[in-house]
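Subject: Handing over the two-chain model

Dear colleague,

Please find below the structure that I am passing on to you.

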Amino acid sequence: MTATGLSNLEQIERRAYESMWEDGLIDVMAGLALFLIGFLWVTQDSMYSPFVAPLLVPVWIAARRKISEPRIGVVNFSAERVAKESKKLLGLFLFGVLTLLIGIAWFFLGRHGVTNLLTQDVNIVAGLPAGLLAIPAIIVGFAYGLRRFFGYAAALLVAAVPVAILDLHPGWALIPGGVLGIVVGSGLLLRFVRKYPLSE
Amino acid sequence: MSFLFVVESADFVFLKNQTKLTAGNISSHMTKLEDAGYVKVKKSFVGKRPQTMFSLTAKGRKAFGNYRESLHSALSMLPD
C-alpha cells in the first residue's frame, strides 16, 4: 500500500465521478435534443417533439457502452453516491414537472388575456421555453460540477431575448443552444477519444 | 486500494486510468491483494470484450482503514 491512502478520499471519489462525464456525450445528446425540438417547433411538426428525449436516452446509453466504457472503464459507485445522484435526478424531474405546470398555466392565462399586459412591447411567451430550459441547465452545472452547462444556459437566455423582442417562433431560441451543445460535446468527445485510446 | 475503497467495484481499465499505473503494475498489485484476501476479482465478458472487476472484501476495507489510522498516528507524532 502506498502513501496515497492518506489522500483526501472524498477528492479521489469526486474526481473519479467527474471523469465519467469527460466524454461529452451528455452535451451532444442534450444539444441534439434542443436542436431537434426547436427545429420541429419551427417547422410546425411540434407533435413529434415529445418523442425526442425518450428516443435519445437509449442512444446515449448505447454510445456510452460502445465508446466510453471501453476507454474509461466501468465503475459501480458507492450506495451513498447512488443515493445522492438519485436525489439530484428527482430534483430535476420535479423541476421539469413544475416547468410544465407553469407553461400550462401561462397558456390558460393567455387565453383569458391576462398575459397581454406583460407582452405589449415584448412577447415574453416566445422567449419563455428557452428561458425555462436555461434553469435546469444551471442546475445540472451546479449539481454535477459541469460548468460548461452554465454556458449552455447563457446561450439559451441570450437567444431568448431577440426571439421575445422580435416575436419570433419560440423554437428559434432553442436552436443556437442545441448547436452549441453539439459542437462543444463533439469537441469533448474527440479529446476524450484521444486521451483514452482503446487498449489492445 | 484508495480508489477501490471509495467505490463498490471498478474494472481494470478504470483503475489503470485513475492510478496511471501500467497494466503490469496493476496486475501485480491486484494478484498480491487477492492472495491476501483483500480484493475480490470477477472476470467476465461484455460482448466479446473481457472485463475484470475488482472490489475490496470486508477484510480489505478493514485493513485499509487500519492502515490509514496507523499512518495518520505516525505522521501526527512528527515534530512540526
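Two strands are said to pair if DSSP finds at least two bridges between them, and the strands themselves (E, at least two residues), like the helices (H or I, at least four residues), are DSSP runs numbered from the N terminus. Please keep in mind that this is a predicted model, in which local features need pLDDT of at least 70 and side-chain atom pairs count only at pLDDT 80 or more, whereas totals for chains, interfaces and linings use all residues. Residues are numbered from 1 along each chain as its sequence is written, and chains are lettered from A and ligands numbered from 1 in the order in which they are written.

The sheet

Taken together, four strands form an open, antiparallel sheet in the order E1(A)-E1(B)-E3(B)-E2(B). Its edge strands, each pairing on one side only, are E1 of chain A and strand E2 (39-46) of chain B. On average, neighbouring strands of this sheet are turned by 20° against each other, direction ignored, where the axes are lines fitted to C-alpha atoms, for helices over the stretch in contact, and angles run from 0 to 180 degrees between N-to-C directions.

Chain A and its side towards chain B

Chain A has seven helices and one strand, and from the N terminus on its elements run α-α-α-β-α-α-α-α. Two residues are in contact if their C-beta atoms, placed from the backbone, lie within 7 Å; by this rule, 19 residues of chain A are in contact with 21 residues of chain B. On the side of chain A that touches chain B, helix H1 (9-19), H3 and E1 of chain A each supply at least two residues, and the largest share, four residues, comes from H1(A). That side divides into eleven nonpolar residues, seven polar and one charged, with Ala, Val, Leu, Ile, Met, Phe, Trp, Tyr, Cys and Pro counted as nonpolar, Asp, Glu, Lys and Arg as charged, and the others, Gly among them, as polar.

Helix H3 of chain A

H3(A) bends by about 40° at Arg65(A), the bend at a residue being the angle between axes fitted to the seven residues ending there and the seven starting there. A residue is buried if 20 or more other C-beta atoms lie within 10 Å of its own, exposed if 12 or fewer, and partly exposed in between, with C-beta atoms placed from the backbone. The buried residues of H3(A) are Ser68(A), Glu69(A) and Ile72(A), and what covers them includes H1 and H2 of chain A together with helix H2 (12-19) of chain B. Ala62(A), which has its place in H3 (residues 52-72) of chain A, is exposed because 10 other C-beta atoms lie within 10 Å. The helix is followed by Gly73(A), whose phi is positive, near 95°.

The cores

Of the 200 residues in chain A, buried residues make up 26%. A nonpolar core is a set of buried Ala, Val, Leu, Ile, Met, Phe, Trp, Tyr and Cys residues joined through C-beta atoms within 7 Å. The largest one has 30 residues, and those with the most contacts inside it are Ala130(A), Ala137(A), Leu156(A), Val163(A) and Ala173(A). Helices H2 (25-42), H5 (124-143), H6 (148-165) and H7 (171-195) of chain A each supply at least two residues of this core, with the largest share, ten residues, coming from H2(A). A second, separate core of 18 residues includes Val6(B), Val13(B), Phe14(B) and Leu15(B).

Two loop residues

Asp167(A), found in the loop between H6 and H7 of chain A, has a positive phi near 55° although it is a residue other than glycine, and it is partly exposed because 13 other C-beta atoms lie within 10 Å. Lys20(B), in the loop between H2 and helix H3 (23-35) of chain B, likewise is not a glycine and has a positive phi of about 60°; Lys20(B) counts as exposed because it has 7 C-beta neighbours inside 10 Å.

With best regards
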